[in-house]
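Look through the sequence and the structure before reading on.

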Amino acid sequence: MIGGFLTTLKLSAVCLFFSVIIGVVGAWLQGSSFKWTRRFVNGYIQLFRNTPPLVQLYFFYFAIGTLLPTVENDWGGESPLLGNFAWAAISLSFFAGAFNVEIFRSGIEAVPKSTVEAAEALGFTKLQIYKDITLPLAFRVALPALNNNLVNLVKTTTLAYAIAVPDLLYESNQIWSDNVNVTEMMIFLLIAYFVLVGVLVAGMNRWERSLKIPGYG
Amino acid sequence: MSWTPADPMVSINNVHKSFGELKVLNGVSLDVMKGDVICIIGPSGSGKSTLIRCVNALNDIQQGSILVEGQEVNDAKLDKLELRKKVGMVFQQYNLFPHKTALQNVMMAPIRVLKQDKASAEAKARALLKKVRLEGKEDAYPGELSGGQQQRVAIARSLAMQPDVMLFDEVTAALDPETVGEVLQTIKDLAEEGMTCILVTHEMGFAREVADHIYFTDRGVIVEHGPPDTFFQNAQDPRTQEFLSQIL
Ligand SMILES: Nc1ncnc2c1ncn2[C@@H]1O[C@H](COP(=O)(O)OP(=O)(O)O)[C@@H](O)[C@H]1O
Ligand SMILES: [Mg+2]
């Protein structure tokens, strides 16, 4: 049970991290001057937004997972190159990442063009402008939406159950198959996720406050 | 043929610029010598902003040539970084970085672009803020400053790059009347120190006082130009006369 909780924590943390990275990089690529780069990012967003995350998870695990070569494991047998935890992490990161790209993009659109121009006039490179000016300002605008999406992501990690990642839900399920205290289990599950998401939201709110600029917005 | 300080600092030659179908500059030429202060005046929409934005390549041009210390700006292989180290620009809306303090606004470009170390960039930034009379406001964010104060931070931010030419685009137009004076004073100080300045302004009294040369533009051409005294007392072209009669 504790193991399940830790797996959920770890899966959430990994997915939060990578989905934000995907969001930041994707939003940068969307501003690229290459048409095909922009098309590729838009295609990615459409694909992951318009399909159910469970189907994505199955796709990664069963379709791509079986195409990859296997490696010899410690006991001399053959194991897949990537385990079910890794696939869940990849799949859910891409899923939440697609939304994060859009969220960051709308934040970026809210940054005044004149502010960016001032940085250009000072000799900043495109990447410096993105990193030092656009992104920090876009972040502040995007934070409430990002907050929402990340909460959703944590809740969506329960889907990893479907490919037998031993997360909180999966472990609870194992226990309740062996025991009779189903009601207690359900109460525990609900509270565990409630606390987990609560901690995340509190952290995000604190972050939001710490980023607040005196006299701005 | 390399540039020497005896050549024009900025040499604009027969510049044409359009935004799609709209022709905004129709063959503009002017030279600015080192240490000169020139003022560009003219009705709204006549292409003043567009012209000075071409000088630091914020706008590209379709035809003609702009040389900044001999460097051709109308060049597909233009080294923009090199150009922008030479040319500073101050905007009507200040355009400070709202998430950075006054001090950070001034320090940022020297650190990022000129790769100065933090300590010396900070020392210079503090000195510059003092110079624009903002001592004590180092840690204030733009949102906590008045328009005139923000504009002076913007001037300091630009000066921190040690430019050879400064462009000012109606930098007092968005200010409350009581803060216009402090910004004009800052620019005047700069001009007196010998900074080469290209100013777009509606402040005629100021133009008359600081400018070495006045250019009047209308519909993308320079209609008339001359030293301030001649220009204001002896405008020849009816368009200039009409403009001056409206504004003075
Ligand atoms: N980025 C742009 N795209 C399209 N039209 C523009 C752009 N910038 C300026 N213009 C047009 O060019 C003309 C000249 O503008 P501008 O140079 O700002 O004039 P001024 O500064 O003299 O008031 C105006 O008609 C304006 O609408
Ligand atoms: Mg203008």
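## Extent of the interface

Chain A and chain B bury about 1900 Å² between them, and carbon and sulfur atoms give 66% of that area. The model is predicted. The size of an interface is often given in this way, as the accessible area lost when the parts come together.

Both chains supply residues to the contact. Chain A gives 21 residues. Chain B gives 25 residues.

## Polar and charged links

Two salt bridges are counted between chain A and chain B. A salt bridge joins the side chains of Glu117(A) and Arg53(B), with N to O at 2.7 Å. Between chain A and chain B, six residue pairs are in polar contact, with both residues at pLDDT 80 or more.

## The chain A side

Which elements of chain A give two or more residues to the side that touches chain B? They are helix H5 (113-121) and helix H6 (126-156).

This side of chain A can also be sorted by residue class. Eleven of its residues are nonpolar, five are polar and five are charged.

## A nonpolar surface patch

Chain A also carries a nonpolar surface patch of about 620 Å². Phe17(A), Phe18(A), Ile21(A), Val25(A), Trp28(A), Leu29(A) and Leu127(A) make this patch.

Helix H1 of chain A (residues 2-30) supplies the largest share of the patch, six residues. Leu127(A), also part of the patch, lies in helix H6 of chain A. Helix H6 also gives two or more residues to the side of chain A that touches chain B.

Notes. Residues numbered from 1 in each chain as written. Chains lettered and ligands numbered in written order. Predicted model: local features only at pLDDT ≥ 70, side-chain atom pairs only at ≥ 80, totals over all residues. Heavy atoms only, no water. Contact = heavy atoms within 4.5 Å. Buried area = accessible area lost by both parts, 1.4 Å probe. Salt bridge = Lys/Arg side-chain N within 4 Å of Asp/Glu carboxyl O. Polar contact = N/O pair within 3.5 Å; in protein donor to acceptor, adjacent residues only side chain to side chain. Helix = DSSP H or I, 4+ residues; strand = E, 2+ residues; numbered from the N terminus. Nonpolar A, V, L, I, M, F, W, Y, C, P; charged D, E, K, R; others polar. Patch = residues over 30% accessible without salt bridge, like charges linked within 9 Å, V, L, I, M, F, W, Y side chains within 5 Å. Areas by Shrake-Rupley, 256 points an atom, 1.4 Å probe, with all protein chains shown as cover.
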